[in-house]
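I opened the notebook to record what I looked up in this structure. The entries follow the order in which I checked things.

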Amino acid sequence: MSWLGQKARQYGATSARLFFYCAIPSACFIHTVFDYAGEITPSYGPSMLPTLNMAGDTLMIERLPGWRSRLRVGDLVAFTTPYDPGRRAVKRLLAEAGDTVCVDPRSKHPAFVQVPKGHVWLQGDNYSNSTDSRVYGPIPLGLLHGRVTWCVWPSPRRIPNGAEIIPGRFSDS
Amino acid sequence: MSSGAARPLWRKAAIAAIVAAPVAIFVTDNIVSLQMISGRSMQPALNPDSNRLWKDVVLVDRMVQGEMAPRRLHRGDVVTLVSPSNPDLLLVKRIIAMPHDCVIPLGKPNSFVRVPKGHCWVEGDESFHSGDSSSFGPVSLALIRGRALTPIWPPSRFGASLAGLPEWKKSRVYPNGSYPLTEL
């Protein structure tokens with residue numbers, strides 16, 4: 001690697017210059033790309049079985065400008081949990097503002113929650129083992145981080161929108 | 001980096017701008033930034049009537065986001081937060097209560113609200129003109145984007161202190177559900 005040192009000396013690059021002119025702006029550039037375009041982040045936990053692996057999946061999250069208006073019911077979204085600001089989670093968007101959600105259709109007296117303006121209802125695919133909007137209520141859109149589009153490792157696959165809208169009227173008789 | 005003499009000035013300036021842009025974006029998102037305040041909900045601490053038509057510009061400490069919020073924020077801090085009803089709107093309010101405190105809401109003096117874990121109760125100093133926790137309840141600490149330090153514009157307001165909780169609000173806050181703040 002001595003030719004690299006020779007080239008560096010020829011261009012007058014000292015380690016201090018390399019640090020300030022290359023390392024810091026590169027790190028900030030990567031950080032800016034993560035904040036405004038998309039990032040790759042690991043996830044783990046059983047709450048999104050069978051969609052995501054319990055032992056860990058590395059996901060690509062996109063947040064190109066305007067991603068909030070492109071969110072649809074059925075998308076997987078990454079967000080910060082409201083009760084613990086240091087913790088992030090990935091769940092599926094089941095209802096938007098104005099929709100009414102039936103929290104547990106199997107119970108004798110199901111509860112209905114109307115999602116307020118500016119909020120969404122997020123629920124994990126593994127209903128039996130997921131702490132989500134059924135526990136902490138609708139989540140403000142300001143807590144959302146981005147939309148999960150791909151799983152890149154260990155089994156690369158696209159994460160599609162998983163919603164199937166069944167038309168008809170919900171009857172409570 | 002070659003020696004500077006060979007490159008024209010505009011190229012050096014362009015390279016410097018390209019190198020500095022991500023650093024500037026990083027600093028303004030995560031370390032410190034400026035914020036112009038609109039509205040009257042924080043009078044008289046921000047945008048006092050003496051400003052006439054000028055809007056305050058405050059220096060905002062951005063190192064209070066995410067997991068740093070519960071440690072670095074205290075009752076009485078003025079914070080910028082994303083509105084729970086509209087994610088494109090940034091509000092500037094004062095934190096009245098932190099997690100596990102009990103608050104007597106304005107307008108409902110015979111009831112109290114216990115602030116859940118990870119949330120806070122925010123109010124504008126000028127409650128009459130303010131959409132705050134009195135209307136939308138406790139807000140998650142994760143919605144907070146920064147802590148206002150001091151106004152830097154207009155020049156007459158430079159370095160003005162944003163003070164702490166007004167005395168009349170302290171009697172409505174019971175830290176950890178114990179005695180009201182005025183008695184501690």
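Where in chain B does B:S41 lie? I found B:S41 in the loop between β1 and β2 of chain B. Helices (H or I, at least four residues) and strands (E, at least two) are DSSP runs, numbered from the N terminus.

Ground rules. I am working with a predicted model, in which local features need pLDDT of at least 70 and side-chain atom pairs count only at pLDDT 80 or more, while totals for chains, interfaces and linings use all residues. Residues are numbered from 1 along each chain as its sequence is written, chains are lettered from A and ligands numbered from 1 in the order in which they are written, and side-chain values use heavy atoms, with hydrogens and water left out.

Annotated site. I looked up the "active site" annotation in UniProt (unreviewed entry), and the record gives B:S41 and B:K93. The two span 53 residues in sequence, yet no two of their C-alpha atoms are more than 7.8 Å apart, so they gather at one spot. UniProt positions are given in the numbering used here, feature names are shortened, and annotations may be inferred rather than shown by experiment.

Other records for chain B. The UniProt annotation "domain: Peptidase S26" (unreviewed entry) covers residues 12-103 of chain B. I noted 25% helix and 33% strand over residues 12-103 of chain B, with the end C-alpha atoms 57 Å apart. UniProt also places a "transmembrane region" (unreviewed entry) at residues 13-32 of chain B. Residues 13-32 of chain B are 90% helix and 5% strand, and their end C-alpha atoms lie 24 Å apart.

Interface. I then turned to where chain A meets chain B. The contact (heavy atoms within 4.5 Å) takes 24 residues from chain A and 25 residues from chain B. The size of an interface is often given as the accessible area lost when the parts come together. I recorded a buried area of about 2000 Å² between chain A and chain B, with carbon and sulfur atoms giving 68% of it. That area is the accessible area (1.4 Å probe) that two parts lose on being put together, summed over both. Helix α2 (residues 15-36) of chain A gives the most to the side of chain A that touches chain B, with nine residues. By class, that side of chain A has 13 nonpolar, eight polar and three charged residues. In this scheme Ala, Val, Leu, Ile, Met, Phe, Trp, Tyr, Cys and Pro count as nonpolar, Asp, Glu, Lys and Arg as charged, and the others, Gly among them, as polar.

Salt bridges. I applied the rule of a side-chain nitrogen of Lys or Arg within 4 Å of a carboxyl oxygen of Asp or Glu. The whole structure has 15 salt bridges over all chains, and the interface of chain A and chain B has zero. I looked at one pair, A:D125 with A:R92, where the closest N and O atoms are 2.8 Å apart. A:D125 sits in the loop between β7 (119-123) and α3 (133-136) of chain A and A:R92 in strand β4 (residues 88-95) of chain A, so to speak distant parts of the chain, 33 residues apart.

Backbone. The peptide bond from A:L49 to A:P50 is cis, with omega near -5°. I located A:P50 in the loop between β1 (38-43) and β2 (57-62) of chain A. A:W153 and A:P154 are also joined by a cis peptide bond, with omega about 0°.
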